[in-house]
Amino acid sequence: MTTEQAAEAVTESPVVILPAGAFEQHGPAMPLATDLVRAEAVTDRVAARLAGRAVIGPSLPVGVSPHHVAFAGTLTLSVTTFRTVLREYLDGLYAHGWRKVLVVTGHGGNNAALTTLAQDLLAELPDLEFAWSPLTSIAADVVARMPKSEVHGHCGEAETSQMLHLAPDLVHTDRFAPGTRNLSELDALPRLARRPGHPTLQVRYDRLSANGVLGDPARATAEDGAAIVDRVVAEITEFVEEWLKA
């Protein structure tokens with residue numbers, strides 16, 4: 001997109017979608033940028049369905065990942081830095097006339113920062129409509145039907161399935177190794193952290209899994225990944241279509 005095209009897009013494509021990810025361990029088999037790969041792929045698909053009514057802005061490739069720092073290659077921003085970078089993106093988009101911005105995040109560690117920034121924006125830029133969306137949790141019903149371990153999540157069946165669908169060339173299937181699969185494998189504190197519902201307790205991932213994996217990636221399939229991605233893309237697209245009418 002050129003600067004002239006950007007000026008036209010303010011009115012022709014009034015929604016900006018920003019993919020946000022992380023640069024962190026994803027077990028022995030998947031790349032450090034897994035969360036960004038998934039977020040960008042979903043963003044591309046949503047933008048295509050919206051057929052010119054939205055534009056894709058710059059990605060946020062590094063997220064809030066202090067819980068993964070015990071594993072090699074992980075980089076993290078503080079919550080403050082992540083919020084500041086995103087806020088400055090938003091300030092720039094706002095200055096050029098955009099008033100609807102959606103962040104699609106592939107990394108759950110970014111959620112708290114996105115929520116608090118949204119609250120601040122209500123007071124500081126009340127005419128900026130800021131929305132954000134996770135990925136996998138949107139398709140919770142699809143994931144519920146998948147074969148999976150008692151303990152599952154990071155690098156496990158659902159996330160690996162998405163990567164097998166979206167970027168199979170980046171997945172080292174010969175390196176698949178199960179991680180923590182049962183609550184009985186966890187010590188008392190990490191087991192408490194995996195307790196469903198609230199209160200919520202945060203622990204580092206090296207307390208949860210020796211190899212960073214929750215679940216068994218060998219059970220993942222591209223077909224399950226397609227089902228998850230299709231649901232996520234459909235839900236986000238439907239939201240934006242309603243948003244454009246609001």
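A salt bridge is a side-chain nitrogen of Lys or Arg within 4 Å of a carboxyl oxygen of Asp or Glu. The model is predicted: local features need pLDDT of at least 70, side-chain atom pairs count only at pLDDT 80 or more, and totals for chains, interfaces and linings use all residues. Residues are numbered from 1 along each chain as its sequence is written, and side-chain values use heavy atoms, with hydrogens and water left out.

**Exercise 1. Find the partner of Arg53 in a salt bridge, and state which parts the pair ties together.**

Step 1. Apply the distance rule. Arg53 pairs with Glu241, with the closest N and O atoms 3.5 Å apart.

Step 2. Helices (H or I, at least four residues) and strands (E, at least two) are DSSP runs, numbered from the N terminus. Arg53 sits in the loop between H2 and S2, and Glu241 in helix H9 (residues 222–245), so the bridge ties together parts 188 residues apart in sequence.

Step 3. Check exposure. Buried means under 20% relative accessible area, exposed over 50%, partly exposed in between (1.4 Å probe, protein chains only). Arg53 is partly exposed at 32%. Glu241 is partly exposed at 29%.

**Exercise 2. Work out which elements are tied by the salt bridge of Glu129 and Lys100.**

Step 1. Take the distance. The side chains of Glu129 and Lys100 meet at 2.6 Å, N to O.

Step 2. Assign the elements. Glu129 belongs to strand S4 and Lys100 to strand S3, so the pair ties together parts 29 residues apart in sequence.

Step 3. Compare the ends. Glu129 is partly exposed at 35%, whereas Lys100 counts as buried at 12%.

Step 4. Arg99 and Asp127 form a salt bridge at 3.3 Å, N to O. Arg99 lies in the loop between H3 and S3 and Asp127 in the loop between H4 and S4, so this bridge ties together parts 28 residues apart in sequence.

Step 5. Take the total. The rule gives 12 salt bridges. Asp35, Arg38 and Glu159 are linked in a network of them.

**Exercise 3. Locate the backbone features at Ala51, Cys155 and Pro199.**

Step 1. Ala51 has a phi near 50 degrees, positive in a residue other than glycine. Ala51 is found in the loop between helix H2 (34–50) and strand S2 (54–56), and is exposed at 64%.

Step 2. Cys155 has a phi near 65 degrees, also a positive value. Cys155 counts as buried at 2%.

Step 3. His198 and Pro199 are joined by a cis peptide bond, with omega about 5 degrees. Pro199 is in the loop between H7 and H8.
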